[in-house]
Amino acid sequence: MSADHAHALPAGVRPPTYHHFEDLAQQEESEKLGMWAFLITEVMFFGALFTAYTVYRNLYPEAFMDASSKLNWKLGAVNTLVLIVSSLTMALAIRAAQTGKYSQVIWQTVATMIFGATFLVVKYFEYMHKYHDGLMPGPTLFFTDVFGEHTPQARIFFSIYFAMTGLHAFHMVVGLGILTWVLIKARKRYFTPDRYLALENVGLYWHFVDLVWIFLFPMLYLLGAHYGLGH
Amino acid sequence: MTGSTDMGSMATTTGHAAAEAPRETYLTNGYGWKSWFLTVDHKRIAILYLISVTFFFLIGGLFAVLMRLELATPRADVVDAETYNRLFTMHGVVMIFFFLVPSIPAVLGNFLVPIMIGARDLAFPKINLLSWYIYVVGGIFTLIVAVSGGVDTGWTFYTPYSSTYSNSQVALTAVGVFITGFSSILTGLNFIVTIHKMRAPGLTWFRLPLFIWAQYATALIMVLGTPVLATTIFLVALERIFRIGIFDPTIGGDPVLFQHLFWFYSHPAVYIMILPGMGVISEVISAFSKKRVFGYSFVAFSSLAIAILGFMVWGHHMFTTGQSVYASMVFSVLTMLVAVPSAVKVFNWAATLYKGSIELTTPMLYALAFMGLFTIGGLTGVFLGIMAVDRHLHDTYFVVAHFHYVMVGSMVMAFLCGVHFWWPKMFGRMYPEFLGRFAAIIVFVGFNLTFLPQFVVGFQGMPRRYHVYPEEFGVMNLLSSAGASILGAGYILPMFYLAWSLKWGKKVGPNPWEAKGLEWQIESPPITHNFHGPVRVTEEAYAYGEEPTHGHATNTHGQKEATSVR
């Protein structure tokens, strides 16, 4: 079979990596479309949580403001900045691959990973803080009643907060895992000016996760910011 | 559709020589367990899926048998209420998530989508294999649930019962369903990319077989809907394990929000289950009428219309929850709109039959049964979509009968129809035709005897999900249980004769049905790479030539095409 479709490739054109594609263009188009379709599933995945957020915020606007004021918006802002910069370094890594600057690919990837890890470390301290303040809903820990009559609804706010940021943080961890793969491949000069699609797809994922946070930050942290800094 | 392949005379000669020697097919290309469990061949993965969905169909069927046994008499004499709750839940979970959703897409779709579009494989073969493994892992979770006491929430997992009060294995089941969802997402993603990017030269969208259109519409729903179910189930698990309170009304959580999120997936999921079946029926009706499907583009677009409208009707499951009356009115109207594309399909199939040269083979019998039963199932759905009628019928056996007419009467019929139709292509051997027709009739009779009485008792007010009932519903329930035993026999029969035919069935050539379509122009069973050379398609789908009243002239034409390909 292999003779059938290795036919008539012009000189200098690379054959597709996998046998079932006719040519590299078909393979790359497929991979690109596959990535976008995957991102659509991700949008729907987070979409259900955004729906839940919208419903409860409309039902209990005051409780949401109260509860939101207990989040540290300054740390949230720092993390927003960290993620935006990590998206920049991610884009620069792809650019470096396109222009054949192999060491740049490695360093920009490392930088992206460092920013991603920074985000998670900050998130970890935020979570710990919430845990010690009794703001983390759990089976045995009941929620602190600092919110007075809003306490039950504030619990819902924090449930959504942990579900959404937790799911987002999980995507960050997966992203760091994929970037580790990128790093290994980049060290072997796998990404070249005519083979960078995989890296570009990793970039799409990373930007998507970043974009989710861009929505989460104002929705969760800034509702009660006018109350002053909580902790 | 008739395609012609661009093979040189050399290749054709090789093809003929190979036909005399034992030919290498996708089935003989490797025998060890690794050649199956690590395969990336879409046809082998389809066979893996065929075996696993059949296994889960038997498990789900076993639960149904126990339920019908209990319901044969008005008293509780086989199981108690608790056990009965677990039986119907497990029946629903297994049949929906582990049989109906993957059945046609993952078995027939996997096998046929690349072949029908003239490709060597799906776009992402490894992801295809991964989807099977994910399905198996999800299935193992569900089996663990079954042996460790089961789950009693109903397959709908309604909160706050599922999240707070149930004492059964809700969290484990949730994990199983959550995992299996990803298998469905990956299959859908693979189909979308494959159908967009892998079509052979000349195979434009409007030359595609309608089976492909149906798979495409299904894949859209899988990709857009399933993630929402995943999140919803994830929230139920969080609620159950960490008591986060999101669906807990005692602290202001909204249990109806769960129903919105759940049905946002689960109503479109009904179309995940039925659309691929409609694709099968289009192929079979055309092949055994020897006519082009009437109104091809209407049938093609009706699949997309069903997929799109399917996302806008979920609220009709919640007419009785206190949802806004105005929302209910909108949902009710949209629900009735779904009947339009569904009717387009049924009418167009009927028009295809008109003046066709009809052969009543086994697949055709199933296809005709599908048309009748789907009409009943679909129209009773319109009853339920009317708000006032639904007040009376909500949560009665009328609903049970309605969705079994669609899920079993239509979808399982379509699955059996497709399995019989493409069986010679998959294994190169024919099933015994007489037994096939016999089983098809048994299934049809058994099915109607099981579910027709349920419309009656439902209308009389018998609620679903109870293991005991008043004496007056006794006769109808006994009929239903009797029908179920006939239906069961009808399902067991094909398992035996299909397995028998693997070894002893009559060997067939590439095109035993003299049907059109790329899959009938390659060998049975196909080689690993499906086609010997590049494929170029020059004609529309179902090119059966002139009027079929001209006898077999068109068939000769078809054979001539097939010969030139080999």
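This is a predicted model: local features need pLDDT of at least 70, side-chain atom pairs count only at pLDDT 80 or more; totals for chains, interfaces and linings use all residues.
In which hand does H5(B) pass H7(B) in their crossing? I opened the notebook with this one. H5(B) passes H7(B) in a left-handed crossing.

**Entry: H5 and H7 of chain B**

I looked up the two helices themselves. H5 covers residues 125-147 of chain B, and H7 covers residues 170-197. Their axes come within 8 Å and cross at roughly 160 degrees. An angle over 145 degrees counts as roughly antiparallel. H5(B) and H7(B) are therefore roughly antiparallel to each other. I then listed who makes the contact. From H5(B) I noted, among them, Ile127(B), Leu130(B), Ile134(B), Gly138(B) and Phe141(B). From H7(B) the residues include Leu172(B), Val175(B), Gly176(B), Ile179(B) and Phe182(B). I sorted the contact by class. It has 14 nonpolar, ten polar and no charged residues.

**Entry: where chain B touches chain A**

Next I turned to the contact between the chains. Chain B puts in 37 residues and chain A puts in 33. On the side of chain B, the elements that give two or more residues are H7, H8 (210-242) and H9 (255-289). Which element of chain B gives the most to this side? I found H8(B), with eleven residues. By class, the side of chain B that touches chain A divides into 23 nonpolar, nine polar and five charged residues.

**Entry: chain A overall**

I counted seven helices and zero strands in chain A. Chain A has 231 residues, and buried residues make up 38% of them. I also checked contacts between residues at least 6 apart in sequence. In chain A, 75% of these join residues at least 24 apart.

**Entry: H3 and H6 of chain A**

I picked a helix pair here too. H3 (residues 61-68) and H6 (residues 151-187) of chain A pack at an angle of about 65 degrees. Their axes are 8 Å apart. H3(A) passes H6(A) in a right-handed crossing. H3(A) brings Ala63(A), Phe64(A), Asp66(A), Ala67(A) and Ser68(A) to the contact. H6(A) brings Gln153(A), Ala154(A), Phe157(A) and Phe158(A). I sorted these residues into six nonpolar, two polar and one charged.

**Entry: Glu42(A)**

I found Glu42(A) in helix H2 (residues 24-59) of chain A. Glu42(A) and Leu24(A) are 18 residues apart along the chain, and their C-alpha atoms are separated by 27 Å.

**Entry: H12 of chain B**

I tested the length of H12(B), residues 362-385. At 1.5 Å a residue, its 24 residues should span 34 Å. The end C-alpha atoms are 34 Å apart, which agrees. H12(B) is mostly covered, with 17 of its 24 residues buried.

I looked for cis peptide bonds. One joins Thr159(B) and Pro160(B), with omega about 0 degrees. Pro160(B) sits in the loop between H5 and H6 (161-165) of chain B. Another runs from Ser524(B) to Pro525(B), with omega near -15 degrees.

Then I checked for positive phi. Arg189(A) is not a glycine, yet has a positive phi of about 55 degrees. Arg189(A) is in the loop between H6 and H7 (197-221) of chain A. Asn530(B), also not a glycine, has a positive phi of about 70 degrees. I placed Asn530(B) in the loop between S3 and S4 of chain B. Asn530(B) is buried, with 23 other C-beta atoms within 10 Å, whereas Arg189(A) is partly exposed, with 13.

Methods. Residues are numbered from 1 along each chain as its sequence is written. Chains are lettered from A and ligands numbered from 1 in the order in which they are written. Axes are lines fitted to C-alpha atoms, for helices over the stretch in contact, and angles run from 0 to 180 degrees between N-to-C directions. Helices (H or I, at least four residues) and strands (E, at least two) are DSSP runs, numbered from the N terminus. Angles under 35 degrees count as roughly parallel, over 145 as roughly antiparallel, 65 to 115 as roughly perpendicular and the rest as oblique. A crossing is left-handed if the near helix is turned anticlockwise from the far one by less than a right angle, and right-handed if clockwise. Two residues are in contact if their C-beta atoms, placed from the backbone, lie within 7 Å. Ala, Val, Leu, Ile, Met, Phe, Trp, Tyr, Cys and Pro count as nonpolar, Asp, Glu, Lys and Arg as charged, and the others, Gly among them, as polar. A residue is buried if 20 or more other C-beta atoms lie within 10 Å of its own, exposed if 12 or fewer, and partly exposed in between; C-beta atoms are placed from the backbone. The expected span of a helix is 1.5 Å times one less than its number of residues.
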